[in-house]
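Hello,

Here is the structure I promised to pass on. Please open it first, then read the notes below.

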Amino acid sequence: MWEIIKTSLPQLLAAGFKYTIPLAIISFFFGLIIALVTALIRLSRQRGAFMILKWIASFYIWLFRSTPLLVQLFIVFFGLPYLRIKGILPHGIKLEPFTAGIITFSLNTGAYASETIRAAISSVPAGQWEAGAAIGMTRLQILWRIILPQALRVALPPLSNSFISLVKDTSLAASITIMEMFAVSQQIAAENYQPLLMYTLVAMVYAVFTTVLSYLQTYLERIVNQRVSTK
């Protein structure tokens with residue numbers, strides 16, 4: 001048993017640092033951008049044609065929060081190649097596994113994180129907007145200098161939890177042939193016929209990764225709270 005662990009653990013860690021962590025970080029980065037834009041669209045007071053954007057944002061959130069992440073991965077990776085439009089997409093949309101994973105995880109993260117960010121911005125008292133306007137600041141300046149720093153304090157814990165969950169969710173990427181940690185554990189288990197040992201081992205590696213991230217979350221929350229408190 002110890003010999004299997006000794007030979008398998010480096011392979012799992014290598015897959016984690018090569019695919020699992022980068023996949024989670026890149027997807028979360030783009031997901032936050034999508035989430036912020038979506039949240040601001042939904043919070044906007046603009047009317048007229050802008051309502052179409054608000055409807056699209058709401059539909060996007062509903063769609064990705066109402067369907068399983070695994071199904072979304074399958075649609076993007078296995079389904080889009082069959083989206084053939086004569087003269088425009090004669091061969092469909094074929095994506096590399098890692099690219100398909102980033103797109104899917106980013107869109108899924110963006111849908112959930114947008115509600116977190118929207119709630120955090122809404123939690124800032126309306127008087128903050130009025131105070132900023134009273135000293136001649138534009139709405140964008142108020143948002144960037146006053147509202148978002150305070151909203152970050154509220155949004156950081158749930159967003160950090162979302163990132164930790166995303167690290168674990170990347171195990172689903174094995175289903176679209178990305179050789180992240182879980183895929184490697186499956187491959188090794190098929191070779192040594194020790195599925196219980198291999199899946200327990202990869203579970204422990206995930207546990208170590210998420211524990212480290214939890215400590216980082218606590219540290220970041222402390223820093224943000226101190227900085228917001230001093231402003």
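One cut-off before the findings: buried means under 20% relative accessible area, exposed means over 50%, and partly exposed is what falls in between. Ile 56 has 43% relative accessibility, so Ile 56 counts as partly exposed. Please keep in mind that this is a predicted model.

**Overall build**

The protein has eight helices and zero strands. From the N terminus on, the order of elements is therefore simple to write: α-α-α-α-α-α-α-α. Along the principal axes, the C-alpha atoms fill a box of roughly 70 × 55 × 25 Å. There are 231 residues, and buried ones make up 39% of them. Take the contacts between residues at least 6 apart in sequence: 72% of these join residues at least 24 apart.

**Surface**

The accessible surface of the protein is about 13,600 Å². Carbon and sulfur atoms account for 68% of that surface. One nonpolar patch covers about 740 Å². Its members are Ile 52, Leu 53, Trp 55, Ile 56, Phe 59, Trp 62 and Leu 63. Ile 56, the residue used above, sits in helix α2, which spans residues 50-66.

**Charges**

The protein carries 18 positive and 8 negative side chains. The centres of the two sets lie 14 Å apart.

**Salt bridges**

How many salt bridges does a search of the whole structure find? The search finds three. Arg 42, Arg 65, Glu 115 and Arg 118 are linked in a network of salt bridges. Here is each pair in turn.

- Glu 115 and Arg 42: their side chains meet at 2.5 Å, N to O. Glu 115 lies in helix α4 (residues 97-123) and Arg 42 in helix α1 (residues 2-43), so this pair ties together parts that are 73 residues apart in sequence. Arg 42 is partly exposed, with a relative accessible area of 27%.
- Arg 65 and Glu 115: their side chains meet at 3.8 Å, N to O. Arg 65 lies in helix α2 and Glu 115 in helix α4, so this pair ties together parts that are 50 residues apart in sequence. Arg 65 has 41% relative accessibility and counts as partly exposed.
- Glu 115 and Arg 118: the closest N and O atoms are 3.0 Å apart. Both residues are in helix α4, three residues apart, so about one helical turn separates them. Arg 118 counts as partly exposed at 26% relative accessibility.

Is Glu 115 buried or exposed? Glu 115 counts as buried, because its relative accessibility is 18% and the cut-off for buried is under 20%.

**Where to look**

To view the network, select Arg 42, Arg 65, Glu 115 and Arg 118. To view the nonpolar patch, select its residues, among them Trp 55, Phe 59 and Trp 62.

Best wishes

Note on methods
Residues are numbered from 1 along each chain as its sequence is written. This is a predicted model: local features need pLDDT of at least 70, side-chain atom pairs count only at pLDDT 80 or more; totals for chains, interfaces and linings use all residues. Side-chain values use heavy atoms; hydrogens and water are left out. Patches are made of residues with over 30% relative accessible area and no salt bridge: like charges are joined within 9 Å, nonpolar side chains (Val, Leu, Ile, Met, Phe, Trp, Tyr) within 5 Å. Accessible areas come from the Shrake-Rupley method with a 1.4 Å probe; for residues, only the protein chains shown count as cover. A salt bridge is a side-chain nitrogen of Lys or Arg within 4 Å of a carboxyl oxygen of Asp or Glu. Helices (H or I, at least four residues) and strands (E, at least two) are DSSP runs, numbered from the N terminus. Buried means under 20% relative accessible area, exposed over 50%, partly exposed in between (1.4 Å probe, protein chains only). Contact means heavy atoms within 4.5 Å. Lys and Arg count as positive and Asp and Glu as negative; His and the chain ends are not counted. The place of a charge is taken as NZ of Lys, CZ of Arg, CG of Asp or CD of Glu.
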